[in-house]
Amino acid sequence: VPLALVRSDPHAVPSETPLHADTEVIERIFREYGQLVLDTAYRLTGNVSDAEDVLQDVFLGLPAALERYRHRDTFSAWLRRVTVRVALMGLRRDRGRREIALDTVAEPIVRAHETSGERAEIERAIAALPAGLRAVFVLREVEGYSHAEIAALLDIREGTSQVRYHRAVRMLRAALGAFR
Amino acid sequence: MTTRTPFLFDLTGGRAGHPDRDALHDHSRDAQSPTDAEGGRRIEAHLAECDSCGDEVAFMRRVGGVARVMHAPMATDVLLDRVLAQRARGASFELPHDEPAARLQPRRLALGSLAAAAAVIAVVVATSPSESTASAAGGELHFSVAYAHPGEQVQVSYTPGGELAGRDSLVLRGRFRAEADEAYGRIARPNEVVAVLRPSAAGRLAGTFRFPESVVLGVFAVESGDAGVVDDHGKKLWELLATPPSAGARVPSFEALVQRSNAYLGRSWDEAFASTREAVRRYPDRAEGWQSLLFYQQALLGERADDSLRRAHLPHLRELHARMRRDSTLSAERMNGMFFYARSLNDSAIAEHWMDRLIREWPTSPSGIQARLMRIWPKLRADTAASLALAEYEKLYDSAVHDSLAFQRQGFTLVRLGLDAALGAKDSALATRWAERYLAAQGAWSDSAYVSTRLVELPALRASQVARLRHFARTAVTARLAARPLDMTLAEWRSELERRRASLYAAIGTALVAQGQAAAGADTLERAALTTWSIPLFRDAATAWSKTGDSARAGVQLARIAVDPSMTDAARDSLARAAGRPRDWMQWTTEARARMRDILLREGTRKSVRGAPRVTSLDGREVKLAALTTGRPTVVTFWSRYCGPSLMELPAVENLSRALEARGIGFVAITDETPSNELRAFLAASKLTFPVYLDTRREATSGLNNFGTPNYYVLDAEGIVRFDQREIETVVRNASLLLPDHRPNE
């Protein structure tokens, strides 16, 4: 789908293209990348319903944002970065409200589908990290951002990012104590 | 990928003598990373001695590995409907920029709005593929550099020809190979848009792109915005090899040449071989190159040459061994190269030495895992119950899974073996676990679909996997559109995906029948048969319909089997008897024949030969190719004396020529040589009876857009190419479809 997207020729655009055509494109992008968006959001937010909200926002914003998409890298990499930013917007929005909760209280994790044994245990431990710590851990460990980039994304100092990362690791260690 | 050097000793924080935690954590993520092999080795050495650091790294690898494959539940249509409903109500959302605003360039993007994209898609969908010439585009592409440094900006200039001329913009697509990629199979970055080319000077189009850091070879094609016309440079594709970062003059890197060889294997034996020779010439110290050279030589010269090849190669092996065994800083790849080189030369002492060292020093590197797999295979051979294999794979997985990078390569072999063994043992819990591991290592859409087609074999998993397979069958085309290979137009890729969808319906149908739902199963199998011609499929559908007692629909399926040219007369008679309705049989077979023709011709192509190519006969006469091919269906094949697969196939080609002759179909064999006594002697010694022509001016190669050998082109009586195929098995069947009265069986 994005192959067609990045190739579209502005000169060929009929001005009165009907709305359902947009819908078709959204549907195509969803079929191909919906899972990627949902997974990325899920790792950062730690629960399914927040992840679904992020997905909804991303897809509602896509029509306008596609105009900003550059071909410097793959469509999926771009979409993944945008998703990270939307997910973090949500976390930041909640920060005022849940400042205390961020570092202390673990959020419940909703997981409908099957995983077993040790892997499930690790996933639960990651999802149960306080949101602020989980965000840093996932950005560093999964999305591959540097501490400087994480600091810019979360609007915190670089040192704070490092400290949070180590705290996340310590908490995971504690949670998974029996596991070797 | 981190840029810091992951080996800073922390002398202040009470961890004197240990690498600092950041370095350890970076290492747990980036182990075996080619950017800092030396630092990695030093940490590995430390880890071997230090339990607490080893424990920390093992912990981070396991936790990080799980984090990277943490999946949300499936993104279902319920979610999509929610988005569409919000949108219909006029909802929208301002997405954040993906980079700081200051760095955004003011230039408005070339791509239009979503509506524009939709319009393009609509046009593409509506356009059916029409006849074109064998090489419809034929432009010229140039890069600003001969070999690229990793991360370098490269300028591209393209002079369009044919159907791509006169366009406002074109798209450059690329496939990038990384050092770890293997022949055929899985490639790091199989296809992506690299740049949009815009008109520059003198009818040319230009663009720039950044040669990615982590890759060693890029191959490219240019296409129109709607992906309706693709210029794949006569199937060769354009290529750009990486140059080593330290080299003074730009030369191709060893890894780039190895990957070039991998990329051509299966497409052009000659090019693959040439690339390996070049690698050995430039980098004589690399055992991997010598090993690869030996592989080509063995295939080309056959078993008779084993002794002389061994004599020629053994001195190299021993010299490399003597030199490298003293080197304590060797990468896993170098050790692996020595192991395989020694193994191909049957020098078990040297092979064992390097296998031991590889397993000892790089146990969780890709080649280390491979070596450990190879070590346990011999003892698994007698294990018919698969229980020993399962236990061994479990052990290996447990120690190897910590390293996610290694897992992207050899871990894949391991999880596939584990899944096979668990399915063989019919243990659904175990199969589910291995399937989960499989998808953690390789979780693309096609992998998920494949795993489901396997799990559905087990009764306990059937119901849940049928549901998943239905989802995959529904999305089989849309979900894979972006995975279009470089050399295919969108229309070609769509029909390819439709064909692949058939195999999913086949799996669902078979499972339904096994579940006792014969009618639903048979229905689904019929659906699979709509787009594909497959005897096993017809057989399954016939069995399913008989179970429901519907002898007419079973008979229709049996008739489809009967008309396939691969059936003998006896088989056809017994199928007719099994159908048991002689009065309907004639009608069924007539319909089946028409259907076979429809389906197979749709799978084929429709291209005219470019220009009026001439070929040369063995006695030096010039002949127009058209004179040899028009008037009756004709098969044209390209082969080469210097191509291993061509040589191996030669006896089959001789049989093919006789089978075609018996059916009144023409046959022309073309080789890319000038007339010579050696060639004549070779042909006489091979006892070939069919005519061989020489493409001395390469006009036939260009006219048919041929690349590589062996290849088969099936032309109809008007000289239009209807099939363009590599496999010899279906040549007779396909050519028979083009006979005027289409009697493939007679």
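Among contacts in chain B (heavy atoms within 4.5 Å) between residues at least 6 apart in sequence, 64% join residues at least 24 apart. The model is predicted: local features need pLDDT of at least 70 and side-chain atom pairs count only at pLDDT 80 or more, while totals for chains, interfaces and linings use all residues. Residues are numbered from 1 along each chain as its sequence is written, chains are lettered from A and ligands numbered from 1 in the order in which they are written, and side-chain values use heavy atoms, with hydrogens and water left out.

**The two chains**

Begin with chain B as a whole. Its secondary structure comprises 28 helices and 18 strands; helices (H or I, at least four residues) and strands (E, at least two) are DSSP runs, numbered from the N terminus. Of the 746 residues of chain B, 53% are buried, where buried means under 20% relative accessible area, exposed over 50%, and partly exposed in between (1.4 Å probe, protein chains only).

Switch to chain A, which has nine helices and zero strands. Its pattern along the sequence is accordingly written α-α-α-α-α-α-α-α-α. Of its 180 residues, 55% count as buried. For contacts in chain A with a separation of 6 or more, 68% are between residues 24 or more positions apart.

Select residues 131–141 and 158–175 of chain A, helices α7 and α9. Two packed helices are described by the angle between their axes and the distance between the axes. Here the axes come within 8 Å and cross at roughly 100°; axes are lines fitted to C-alpha atoms, for helices over the stretch in contact, and angles run from 0 to 180 degrees between N-to-C directions. The helices α7(A) and α9(A) are therefore roughly perpendicular to each other, the class for angles of 65 to 115 degrees, with under 35 being roughly parallel, over 145 roughly antiparallel and the rest oblique. On the α7(A) side, show Gly132(A), Leu133(A), Val136(A), Phe137(A), Arg140(A) and Glu141(A). On the α9(A) side, the residues in contact include Ser161(A), Arg164(A), Tyr165(A), Ala168(A) and Leu172(A). By class, the contact has eight nonpolar, two polar and four charged residues; Ala, Val, Leu, Ile, Met, Phe, Trp, Tyr, Cys and Pro count as nonpolar, Asp, Glu, Lys and Arg as charged, and the others, Gly among them, as polar.

Next select Asp155(A), in the loop between α8 (147–154) and α9 of chain A. Its phi is near 60°, a positive value in a residue other than glycine. At 58% relative accessibility, Asp155(A) is exposed.

**Chain B: helix α8 and its surroundings**

Move to residues 287–301 of chain B, helix α8. Buried residues of α8(B) include Trp290(B), Leu293(B), Leu294(B), Gln297(B) and Leu300(B). An α-helix has 3.6 residues a turn, so residues three or four places apart point the same way. The buried residues pack against α6 (254–264), α7 (269–282), α9 (306–324), α10 (332–344) and α25 (644–662) of chain B.

Within α10 of chain B, select Asn336(B). This residue is buried, at 11% relative accessible area. Beyond its neighbours within four places in sequence, Asn336(B) is in contact with Leu358(B), Ser367(B) and Gln370(B).

**Chain B: cysteines and loops**

Show Cys50(B) and Cys53(B) together. Their sulfurs are 3.7 Å apart, too far for a bond, since a disulfide is a pair of cysteine sulfur atoms within 2.5 Å. Cys50(B) is buried at 10% relative accessibility, and Cys53(B) is buried at 1%. The structure holds zero disulfides over all chains.

Go on to Asp487(B), in the loop between α17 (462–475) and α18 (490–514) of chain B. Asp487(B) is partly exposed, with a relative accessible area of 38%. Not counting residues up to four places away in sequence, Asp487(B) touches Val230(B), Asp232(B) and Glu492(B).

Finish with two backbone features. Lys426(B), in the loop between α14 (404–424) and α15 (428–441) of chain B, has a positive phi of about 55° although it is not a glycine. Thr709(B) and Pro710(B) are joined by a cis peptide bond, with omega about -15°. Most residues other than glycine have a negative phi, and most peptide bonds are trans.

Technical notes: The expected span of a helix is 1.5 Å times one less than its number of residues.
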